[in-house]
Each structure stands twice: as structure tokens, then as C-alpha cells.
Amino acid sequence: MSNVNIKRTVENISPKTTIYTPIIEVIVNAIQAITSEGNMEGKIVIRVHRSEQTEMDDNPGFDIEGNGIGFDNVNRDSFDTLYTDHKIDEGGKGFGRFTCLKYFENVHIDSTYKEGANFKRRTFSMRKKNDIIVDEKIYDTEEANTGSVVKLLTLKKGKTIDKKLKTIARNLLEKLLPYFITDGYSCPEIVLSESDGTGSIKLNDF
């Protein structure tokens, strides 16, 4: 169990970050979770959840789903450690996930991972006091594929993001460009859409 002053950690995040920073952080983690297993059929889906009330449409949330290795015990414990060095060889600084709490009210994870010959489902939320992981539950599951859904729930008051999917896609592509243009590297398929699947944009082809 962690014991971290999360509020202070979030307050100390560089002002150079933007609303796209936490989304990119989650996408990059999803890419790494896919490529760590040599998955040649990796796919990441980013869904935008908008309020049904037009006047509140500036407070959307995002679901980011990938078919990577999932939050096994190693990845879970790394998530629960401030300044973890788990992904240091991949350029990780160990605190990027805290940008999620800088821009979104809540963060929830629902993940399926393999433990021995069996599959497990782990769900938990990220909080803003002293424990990074709260409300954790682990279940046996009949699911036979690993993967995770990270929910970035409700953009914080005063924060805004572009409304058009094409504009969001362009900004994501700009920041993820090295994954698409590196010689000898095949980026997993990354798709952006509304929550119901409409307006789908495949970033790899954008």
C-alpha cells in the first residue's frame, strides 16, 4: 500500500503539460503493454464520452482500451509506486500517471491479466489523498484475452479540449508521431471515436 501526498505531487507537475499529456501517457503505456509481449495484432481504442447536455460538453471523459499484457502483479505494484523505475529503459520517469489527476476528476482501471495458466480481472481507482490505488478488487474470470481499459472520468472544471474528433486526432498524432515513423517498428492500430463508435478515425492512416 502506498503512502504518498498525491495532491502535492499533482500540484508539482510541470505547467508545460496540457490536457493531451495524460491521454498520451495512457496511450503510450498501452503501446508498451502490447509490444512487451511481441503482440503483432495490437489495437488501442480511444473513446470520447461527452455529456448529453450541450452546455456541459466541455467536460468529457475518455476510455482508452488496449489488448496488452494487463495489470499483472508487476505492473500493478509499479503503478502503486511513486517514481517507479519499472519502465525507465523505455524513457518512463515514474510519475506520468499523476498527470491524469491534474486534468480529470477520477481515474478507473479495469484489466484482465494472466496468472499462471489462469486469467484474472483486476479493477481499481486512483485517488487524490495518500493511497494511489483504492477500491481494488480481483476476480477469477472466464475471459481468455488480456487487456486493460483506463477511464479518465470528467474533465476538471476550467480545463478544455478540442470538440472535433479530427482536431483531437491531429493533436494525438502529432505527439505520437515517433511511433508511426520509426523505421522497422510497426505501431499497434490506434483508433479514435465517439463513445458509440461513430466518427471512427484510424490514426495510423490519418
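Is Cys187 buried or exposed? I looked this up and found Cys187 buried, because its relative accessible area is 12%, where buried means under 20% and exposed over 50%, with partly exposed in between (1.4 Å probe, protein chains only). Cys100 is also buried, at 3%. I then counted disulfides, taken as pairs of cysteine sulfur atoms within 2.5 Å, and got zero.

Notes on the model. This is a predicted model, in which local features need pLDDT of at least 70, side-chain atom pairs count only at pLDDT 80 or more, and totals for chains, interfaces and linings use all residues. Residues are numbered from 1 along each chain as its sequence is written, and side-chain values use heavy atoms, with hydrogens and water left out.

Confidence. I checked pLDDT, the predictor's confidence in each residue from 0 to 100. The protein averages 84, and 82% of the residues score at least 70. Over residues 84-94 pLDDT stays under 50, and there the model has 15 contacts beyond four places in sequence, a contact being heavy atoms within 4.5 Å.

Sheet. I took helices (H or I, at least four residues) and strands (E, at least two) as DSSP runs, numbered from the N terminus; two strands pair if DSSP finds at least two bridges between them. The eight strands form an open sheet with mixed pairing, in the order 5-4-3-6-2-1-7-8. Strand 5 (133-140) and strand 8 (201-202) are at the edges with a single partner strand each, so one side of each has no neighbour in the sheet.

I followed strand 1 (residues 43-49) to its partners. Strand 1 runs parallel to strand 7 (residues 189-194) over six bridges, with Val45 opposite Val191. Strand 1 is antiparallel to strand 2 (residues 61-66), also over six bridges, and His49 stands opposite Gly61. Strand 7 in turn joins strand 8 by two antiparallel bridges, where Leu192 has Ile201 as its bridge partner.

Beyond four places in sequence, Ile44 contacts residues including Ile27, Ala30, Ile64 and Ile190.

Thr112. I placed Thr112 in strand 3 (residues 104-115). Thr112 counts as buried because its relative accessibility is 12%. Among its contacts beyond four places in sequence are Ile69, Phe119, Arg121 and Glu143.
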